[in-house]
Amino acid sequence: MNLEALASCLSTSACAVTQVSTALIIGMLLFMVASGLSLIFGVLGVINFAHGAFYMVGAYFAYAAYQATESFAVAFLAGALGVGLIGILFERFIMSRVYGKDVLMQLLVCYAAILIFDDLVKIIAGPEYKMMGMPEAFALPPLEFGGGFVPAYYVFMILASLAIGIGLWLAIEKTRLGKIVRALAINPPMVSALGINTTMLYAGVFGVGSLLAGIAGALAAPTRTLTPGMGLSILIESFIVTVIGGMGSIVGALIAALLIGFTRAFGAIGFPLFVDGLMFAMMALVLILKPSGLLGREPAR
Amino acid sequence: MKSGVLRDLAVGAVLVALLLVLPILFPKPALRDFLIYVMAYGLLAMSLNLLVGLTGLVSFGHAAFFASGAYMFGLLMQSGTVGIPVAMLATVGGTAVLALVIGAICVRLKEIYFSFITLAFQMFIHSIILTWVSLTGGDQGLRGGIPRPPFLGIDLNDAMTLYVFCVVVFILCIAIMRQVWRSPFGFTLRMIRDNPTRANFLGADVVRVKLGIFVLAGSMASVGGVLLALFVSGAYPEFGFWTTSGEAIFMIMLGGSQLFIGPVIGAVLLRLLDHFVTIYTDHHGLVLGAVILVIVLGLRQGVADYIVDWLERRRETRAAAASVASEKGAA
């Protein structure tokens with residue numbers, strides 16, 4: 001415990017700004033991953049435990065594409081679309097076989113997928129740590145906010161994920177397709193009876209959820225070291241986020257992701273060893289007081 | 001019922017004999033070590049199956065009690081004030097209290113929310129272990145070894161004696177769990193699993209019964225932790241990490257959740273699989289993942305469950321064929 005360090009950081013604006021930017025990028029990345037998880041759970045009712053692996057694959061796709069083309073735009077698209085496609089295939093050939101089975105079966109299938117993806121990445125990319133490096137386009141001087149400096153890429157990352165989040169929310173709440181997806185979450189037989197191909201829709205939703213994990217991976221690639229096991233920790237954290245925010249709620253996921261981001265960024269200074277403990281304590285507290293999460297709809301009891 | 005008890009006793013006796021004879025037939029220490037590992041993790045998996053298979057409570061945080069067993073026992077022994085039997089009893093008692101507190105909060109939640117809150121508590125305990133360095137040694141684990149002072153003329157520093165001690169404790173716990181599995185209490189649990197509303201109408205206090213089995217399962221898991229701590233002479237934070245819970249769930253699914261002994265079969269299978277796959281290939285995850293996919297998508301249940309069902313189906317078709325044949329003979 002080092003609460004003096006935390007207090008002194010908060011009192012200087014330079015340190016506070018740096019930590020806030022760290023909190024925001026952790027939070028926004030988590031939001032990308034968790035909103036995908038939440039979307040899949042909200043509509044399909046399954047928990048995609050392989051979501052962390054998708055995040056990792058997205059980062060590696062972006063890395064490979066960037067090595068080949070030196071273009072961040074291509075790397076971003078490769079990560080996003082590549083993982084979206086993998087998500088659709090995974091849903092069609094594997095996940096759809098365990099719908100309606102107990103959660104243990106889904107857990108096991110996803111566990112198998114995690115093991116396989118981790119090993120494939122190890123075989124194809126090698127087990128050593130990889131660094132993508134900052135793309136050329138973002139080799140700008142850091143921006144100054146109130147005495148603290150924030151890399152330009154961080155600002156881009158935060159704005160990009162915010163834009164994607166808003167786009168996703170608008171798509172679900174305001175479009176016709178979004179309406180159909182919401183109906184699918186509540187009453188699939190009725191949607192099917194109205195002549196809509198629910199099988200395709202399920203695959204599509206799973207694909208979009210995976211796409212979000214891929215985007216998170218691609219966005220994270222320039223700022224993180226890439227390792228075959230990188231998906232696990234973000235998986236656990238995005239569970240915390242979905243539980244706190246409420247399963248199936250995009251806005252809830254955003255609030256909870258920022259909460260976790262700030263806990264991580266400032267906890268790293270004040271109480272580095274107990275950050276995990278605090279996150280799980282918050283999750284337990286939410287489950288005890290309001291099991292459906294801050295903004296979850298259905299009652300869980 | 002009585003013949004059932006006799007059969008259980010016979011099976012138990014055969015199991016003890018087998019476990020005791022195996023290391024004499026193959027006197028390699030590696031086999032003994034393997035069996036002790038299987039027994040410790042087997043207890044973890046079997047106690048978890050009291051929740052998963054019997055009651056339908058999918059706990060993701062069962063390893064918390066495994067770790068609490070290992071740490072409490074290790075700390076008690078290192079304090080040097082008590083002997084092994086007292087330390088074991090105190091550990092089981094202490095873990096039971098811990099499980100009572102955690103369970104009282106958890107069992108009120110349903111389905112996936114129960115899974116998540118158990119996971120949260122486990123990770124909370126895990127980070128306490130990591131943070132409280134002065135007591136637990138943090139991420140280095142409980143160092144300095146766990147002393148094994150002789151008691152009642154039994155000296156556990158001798159490898160074979162330690163092995164026999166583990167077998168006896170293991171079988172004792174199995175017997176207790178078997179008793180629960182067959183008791184009216186066990187059938188109440190099955191009813192709660194299949195139809196909690198009906199169980200409630202029939203007068204079962206669902207929350208209380210669930211809490212009861214949660215405490216019992218936690219206590220049994222702590223015995224597994226004690227055995228492992230005694231064997232490796234230490235305790236490590238990984239015992240309480242979520243991967244340990246995941247492994248236990250995997251053992252249950254691999255072996256089968258509806259056969260009493262299924263999780264132990266799963267523990268043996270997983271350990272063997274781990275062992276041989278690492279010998280033959282570096283791509284351990286790829287092979288293990290493929291095996292899981294085949295079992296889940298192919299068999300759609302645990303190996304032991306599948307074999308039991310298959311035998312039953314075969315018996316039924318034979319009986320049907322026999323009755324058809326006898327009808328023909330009569331005609």
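Helices here are DSSP runs of H or I with at least four residues, and strands are runs of E with at least two, numbered from the N terminus.

Some ground rules. This is a predicted model, where local features need pLDDT of at least 70, side-chain atom pairs count only at pLDDT 80 or more, and totals for chains, interfaces and linings use all residues. Residues are numbered from 1 along each chain as its sequence is written, chains are lettered from A and ligands numbered from 1 in the order in which they are written, and side-chain values use heavy atoms, without hydrogens and water.

Buried means under 20% relative accessible area, exposed over 50%, partly exposed in between, with a 1.4 Å probe and protein chains only.

Now, cysteines. How many disulfides does a search of the whole structure find? Zero, over all chains. A disulfide is a pair of cysteine sulfur atoms within 2.5 Å. For B:Cys166, the nearest cysteine sulfur belongs to B:Cys173, 11 Å away. B:Cys166 is buried at 0% relative accessible area. B:Cys106 also counts as buried, at 0% relative accessibility.

Last, two spans. An unreviewed UniProt entry annotates "transmembrane region" on chain B, including residues 112–135 and 160–181. Such annotations may be inferred rather than shown by experiment; positions follow the numbering used here, and feature names are shortened. Residues 112–135 of chain B are 96% helix and 0% strand, with end C-alpha atoms 34 Å apart. Residues 160–181 of chain B are 100% helix and 0% strand, ends 31 Å apart by C-alpha.
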